[in-house]
Amino acid sequence: MTRQCLDKDIKITPATGRVHVIFDGAEIASSTEALELDEPGSPLRVYFPRAAVQPGILEETDTRTHCPYKGEAWYCTIKTLTATGVDQVWYYPDPCPLVAPIADMLAFWGDGIEIRYSQV
């Protein structure tokens, strides 16, 4: 299968300070190595290293989507003791060269998700 990738003005920069993912009122990820992906026409997305996420709360699903600029996204469901977030996490296992820095990093979005920044 040949991967088709288009070019776009996407910027990837290191996030400033520590970035936290809050889900259903509890912190589920925290990192000083998060990356911000700024894509014109889309909300700012923050990508986290896998090691920054609490172990055992993500379950990969069969959901896949395709972005002509980033590649094929694979999805995960968040499962905690108090809540479930179906397909609220995604990553690009083999991203287009344009966004290579986010390979296998996790992005969070949806109901019950809050991204917070703090000083290191």
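Biologist: Is His20 buried or exposed?

Modeller: His20 counts as buried, because its relative accessibility is 13%. Buried means under 20% relative accessible area, exposed over 50%, partly exposed in between (1.4 Å probe, protein chains only). This is a predicted model: local features need pLDDT of at least 70, side-chain atom pairs count only at pLDDT 80 or more, and totals for chains, interfaces and linings use all residues. Residues are numbered from 1 along each chain as its sequence is written, and side-chain values use heavy atoms, with hydrogens and water left out.

Biologist: Where does His20 lie, and what does the side chain of His20 make a polar contact with?

Modeller: His20 lies in strand β2. Helices (H or I, at least four residues) and strands (E, at least two) are DSSP runs, numbered from the N terminus. The side chain of His20 meets the side chain of Glu27 in a polar contact of 2.6 Å. A polar contact is a pair of N or O atoms within 3.5 Å; within protein, one must be able to donate a hydrogen and the other to accept it, and residues adjacent in sequence count only if both atoms are side-chain atoms.

Biologist: Which residues does Val19 touch?

Modeller: Val19 is also a residue of strand β2. Its relative accessible area is 0%, so Val19 is buried. Beyond four places in sequence, Val19 touches residues including Ala29, Val46, Phe48 and Ile115. Contact means heavy atoms within 4.5 Å.

Biologist: How do I read strand pairing around β2?

Modeller: Strands of a sheet pair through backbone hydrogen bonds, either parallel or antiparallel. Two strands pair here if DSSP finds at least two bridges between them. An open sheet of 3 strands has the order β3-β2-β10, with antiparallel pairing. Its edge strands are β3 and β10 (113-118), each pairing on one side only. From one strand to the next, the twist averages 25 degrees. Angles run from 0 to 180 degrees between N-to-C directions, with axes as lines fitted to C-alpha atoms, for helices over the stretch in contact.

Biologist: How many bridges join β2 to β3, and how many join β2 to β10?

Modeller: β2 and β3 share 5 bridges; His20 stands opposite Ser30 in β3. β2 and β10 share 6 bridges, and Val21 faces Ile115 in β10. The β2-β3 hairpin has 2 residues between its strands, and Asp24 in that turn has a positive phi of about 55 degrees.

Biologist: Which strands does β5 join?

Modeller: Strand β4 (residues 35-38) runs antiparallel to β5, joined by 3 bridges. Glu36 has Val46 as its bridge partner in β5. This hairpin leaves 6 residues between β4 and β5, and Gly41 in the turn has a positive phi of about 90 degrees. β5 also has 2 bridges to antiparallel β9, where Leu106 stands opposite Phe48. Both faces of β5 are covered: Arg45 and Tyr47 on one side, Val46 and Phe48 on the other, are all buried.

Biologist: Which residues have the most contacts inside the largest nonpolar core?

Modeller: In soluble globular proteins, nonpolar side chains tend to be buried together. A nonpolar core is a set of buried Ala, Val, Leu, Ile, Met, Phe, Trp, Tyr and Cys residues joined through side-chain atoms within 4.5 Å. The largest has 19 residues, and Val21, Ile28, Phe48, Ile78 and Phe108 have the most contacts inside it. β2 gives the largest share, 3 residues. A second, separate core of 13 residues includes Ile10, Leu35, Leu37 and Met105.
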